[in-house]
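Subject: Structure handover

Hello,

Please find the structure below, with my notes after it. Read them with the model open beside you.

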Amino acid sequence: MYAQGLIGADGKTEETDAFLAAFQARIDAEEKIEPNDPMPEGYRRTLVRQIGQHAHSEIVGMLPEGNWVTRAPSLRRKVALLAKVQDEGGHGLYLYAAAETLGVSREEMTEQLLDGRAKYSSIFNYPTQTWADIGAIGWLVDGAAIMNQIPLCRCSYGPYARAMIRVCKEESFHQRQGYEIMMTLAQGTEDQREMAQDALNRWWWPSLMMFGPSDKDSVNSDQSMKWKIKRFTNDELRQKFIDATVPQAEKIGLTVPDPDLTWNEAKGGYDHGPIDWSEFKRVLKGEGPMNRDRIRARQKAWDDGAWVREAARAHAAKRQPAALAAE
Ligand code: BYC
């Protein structure tokens, strides 16, 4: 489980009060924690959980959009979508690599995804029914991801923070790609405008759920904020997303499907209607519309790749004696 050379993540470092206080002092001084630095086991575990979930989300997130690559309405749209889906694959790889620096293998993380121990973002358990859903994903899902991930560029763990910088640059193109699709549809025929509105109706609430449970139910937020893994709470980020996105919808003549949405002058933001947390819990339990299909697809990819892993292992074993002899 623990990679060699990981000081502090070796399960042997004693977590005395002095050790924990010195670690917290480094965090408070905004120092970056690097893979070989001593760290509390809880910090390491929180990061493995979050970065692992994040990596799985990028990879599973390729499925709903990949579903439309062959059906994109023009060559320009197809090229952009293909590039976006490839970007998501790349994000998954940076993130798996960042998690590996904490002493967990990619194989182990994949097993955790497949047997349900590790989560991935709830949003990818919804189907992409029309072309407008591709616009809605880019605009809303990538938009929500940017809101969540910009602060992660300042995460206290160096490899995660650095991975996020590149990811965020790419996500902003994804968001614009999606918004441009929505803008085009909203200015098109009546059927196209309806298709855009219908996609917004279906993706709005699940996008708000991407930020996680409300602060009072978020079990991990307090500690993650103290460790500066998270810089804002789930509700704070959700609010920022709503405030940024509602005017974008208005600009293209679409209506956010929330009858309670009102501008609150005093707080300088929108008040919104209740989120259906029972739906969120159902999706997390594996009962969303697409949970089974997503895991089936990942299981198939893992099984189909077995021969590659086997060949890589055999190749590495063959090279080992030669490498040792050359030393
Ligand atoms: N879905 O205590 P909390 C993308 C879990 S992909 C599923 O608030 P935390 C893209 C949470 O894990 C971007 N599970 O947790 C790709 C925890 O369960 P465990 C994905 C969720 O960690 C392709 C429990 O609920 N982004 O951009 O403090 C195409 C309690 O929650 C969700 C990331 O992964 C959810 N929505 O905060 C297009 C960002 N929400 O683990 C786009 C990185 C909560 O204790 N992750 N849970 O069993 C984070 O920032 C944080 O982990 C969260 C949750 C805000 C998601």
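The notes start with the whole chain and then go through single residues.

This is a predicted model: local features need pLDDT of at least 70, side-chain atom pairs count only at pLDDT 80 or more, and totals for chains, interfaces and linings use all residues. Residues are numbered from 1 along each chain as its sequence is written, and side-chain values use heavy atoms, with hydrogens and water left out.

The whole chain

The protein chain has 13 helices and two strands. Helices (H or I, at least four residues) and strands (E, at least two) are DSSP runs, numbered from the N terminus. Along its principal axes, the C-alpha trace spans about 70 × 50 × 35 Å. The radius of gyration of the chain is 21 Å, which agrees with the value near 20 Å that a compact globule of 327 residues would have. That radius is taken over C-alpha atoms, and the globule rule is 2.2 Å times the number of residues to the power 0.38.

Of the 327 residues, 47% are buried. Buried means under 20% relative accessible area, exposed means over 50%, and partly exposed is in between (1.4 Å probe, protein chains only). The chain exposes about 16500 Å², and carbon and sulfur atoms supply 56% of it. Accessible areas come from the Shrake-Rupley method with a 1.4 Å probe; for residues, only the protein chains shown count as cover.

A contact means heavy atoms within 4.5 Å. Among contacts with a separation of 6 or more, 77% are between residues 24 or more positions apart.

The chain has 42 positive and 47 negative charges, and their mean positions are 3 Å apart. Lys and Arg count as positive and Asp and Glu as negative, while His and the chain ends are not counted. The place of a charge is taken as NZ of Lys, CZ of Arg, CG of Asp or CD of Glu.

Two buried arginines

Arg77 lies in helix 4 (residues 75-100). Arg77 counts as buried because its relative accessible area is 11%. Its side chain makes a polar contact of 3.3 Å with the side chain of Thr184. A polar contact is a pair of N or O atoms within 3.5 Å; within protein, one must be able to donate a hydrogen and the other to accept it, and residues adjacent in sequence count only if both atoms are side-chain atoms. Leaving out residues up to four places away in sequence, Arg77 touches Ala72, Trp131, Glu180, Ile181 and Thr184.

Arg238 is in helix 10. With a relative accessible area of 2%, Arg238 is buried. The side chains of Arg238 and Asp235 are joined by a polar contact of 2.6 Å. Beyond four places in sequence, the residues touched by Arg238 include Leu208, Phe211, Pro213 and Trp277.

Leu47 belongs to helix 2, and its relative accessible area of 0% makes it buried. The C-alpha atoms of Leu47 and Leu102 are separated by 8.1 Å, although the two residues are 55 residues apart along the chain.

Pro151 is in helix 6 (residues 131-152) and is buried, at 9% relative accessible area. Pro151 and Phe232 are 81 residues apart in sequence and 7.6 Å apart in space, C-alpha to C-alpha. Apart from residues up to four places away, Pro151 touches Ile146, Arg231, Phe232 and Leu237.

Residues in loops

Ser156 sits in the loop between helix 6 and helix 7 (158-186). Its relative accessibility is 3%, so Ser156 counts as buried. The side chain of Ser156 reaches the backbone oxygen of Trp227 at 2.7 Å. Among the residues touched by Ser156, beyond four places in sequence, are Ile27, Tyr43, Trp227 and Lys228.

Lys228 is in the loop between helix 9 (221-226) and helix 10 (234-251). Lys228 is not a glycine, yet its phi is positive, at about 55 degrees.

Glu30 also has a positive phi, near 65 degrees, and is a residue other than glycine. Glu30 is found in the loop between helix 1 (17-28) and helix 2 (41-60). At 43% relative accessible area, Glu30 is partly exposed.

Regards
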